[in-house]
Amino acid sequence: IQPGGAKRPLFLIPPAGGHVFSYIHLADSWGRYQPCYGLQSRGLEEGQDAHARIEDMAAYYLEALQTVQSEGPYFLGGWSMGGLGAFEMAQQLLARGQRVALLALLDARIPTPDENFVEEDLEATLLADVIRYFGLSLGPWEPLLRLPKHELLNRVLKQAKVAGLVPPDIQAFQAQRFLELCKADFRATRNYVLHPYAGRVTLFKASEVAPRTISDL
């Protein structure tokens, strides 16, 4: 995202959906002296299969990370689900005898065994989250649920373009790929088993919480 500067780089792990767009303004705010790299999920490019396990995601990110920095200490960070990826990366680095100088979790949440979801409703749930978080104007949710899935996606995508949340030339098949990756990420999060971490964790928690957002950490 910002490769210049002589400081030790910070590596940012993507939230659900795999994009690093959410970190662009953050990297800009540090200026040109702080190198900052975003790690994009496998599955965003056509022909790639998404990872089914957090452990495999972390190993994939570490392989990319070490092309930039081969030895620690490492600075890692992640927002939302990205915090879980960063946490597992730190676990794997410590197991290799490497040092993690910073593990920053940005509004990351601990997954719990009771977080069950109905697979058939998962796509609609994700679209509802997009509508709620970004305040899109699509009217009452119940009538929208009765629409065919492709029509609901097209309506959300149209409003997201109007609101400037996505590039105007993005196509429905690209948005669908993003949703499929989100679903894979949710499944991986649900199946991840936490283990005690021997290092230090730094938690950044927003002072304001969006309505109906789960904030327990």
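Student: What makes the residues of the largest nonpolar core a core?
Tutor: A nonpolar core is a set of buried Ala, Val, Leu, Ile, Met, Phe, Trp, Tyr and Cys residues joined through side-chain atoms within 4.5 Å. The largest one here has 25 residues, and those with the most contacts inside it are Ile-54, Leu-65, Leu-76, Met-89, Val-100 and Leu-103. In soluble globular proteins, nonpolar side chains tend to be buried together.

Student: Which elements give two or more residues to this core?
Tutor: They are S1, helix H2 (54-65), strand S3 (74-79), helix H3 (81-95) and strand S4 (100-106). The most comes from H3, with seven residues. There is also a second, separate core of 16 residues, which includes Leu-138, Leu-152, Leu-157 and Ala-175.

Student: How do you know what counts as a helix or a strand?
Tutor: Both are DSSP runs numbered from the N terminus: a helix is H or I over at least four residues, and a strand is E over at least two. The protein has seven helices and five strands, in the order β-α-β-α-β-α-β-α-α-α-α-β along the sequence.

Student: On what basis do these values rest, and how far may they be trusted?
Tutor: This is a predicted model, in which local features need pLDDT of at least 70 and side-chain atom pairs count only at pLDDT 80 or more, while totals for chains, interfaces and linings use all residues. Residues are numbered from 1 along each chain as its sequence is written, and side-chain values use heavy atoms, with hydrogens and water left out. The pLDDT, the predictor's confidence in each residue from 0 to 100, averages 84 over the protein, and 88% of the residues score at least 70. Over residues 212-217 the pLDDT is below 50.

Student: Why is Lys-183 called buried?
Tutor: Buried means under 20% relative accessible area, exposed means over 50%, and partly exposed lies in between (1.4 Å probe, protein chains only). Lys-183 has a relative accessible area of 9%, so this residue is buried. Glu-180, at 35%, is therefore partly exposed.

Student: What makes the pair Lys-183 and Glu-180 a salt bridge?
Tutor: A salt bridge requires a side-chain nitrogen of Lys or Arg within 4 Å of a carboxyl oxygen of Asp or Glu. The closest N and O atoms of Lys-183 and Glu-180 are 3.1 Å apart, so the pair qualifies. Both residues lie in helix H7 (residues 172-191), three residues apart, about one turn of the helix.

Student: How many salt bridges does the structure hold?
Tutor: There are four. Among them is the one between Arg-155 and Glu-151, at 3.3 Å from N to O; these two residues lie four residues apart in helix H6 (residues 149-162). Arg-155 has 39% relative accessibility, so it counts as partly exposed.

Student: Why is Ile-1 called partly exposed?
Tutor: The relative accessible area of Ile-1 is 38%, so this residue falls in the partly exposed class. Ile-1 lies in the segment before strand S1 (10-13).

Methods. Contact = heavy atoms within 4.5 Å.
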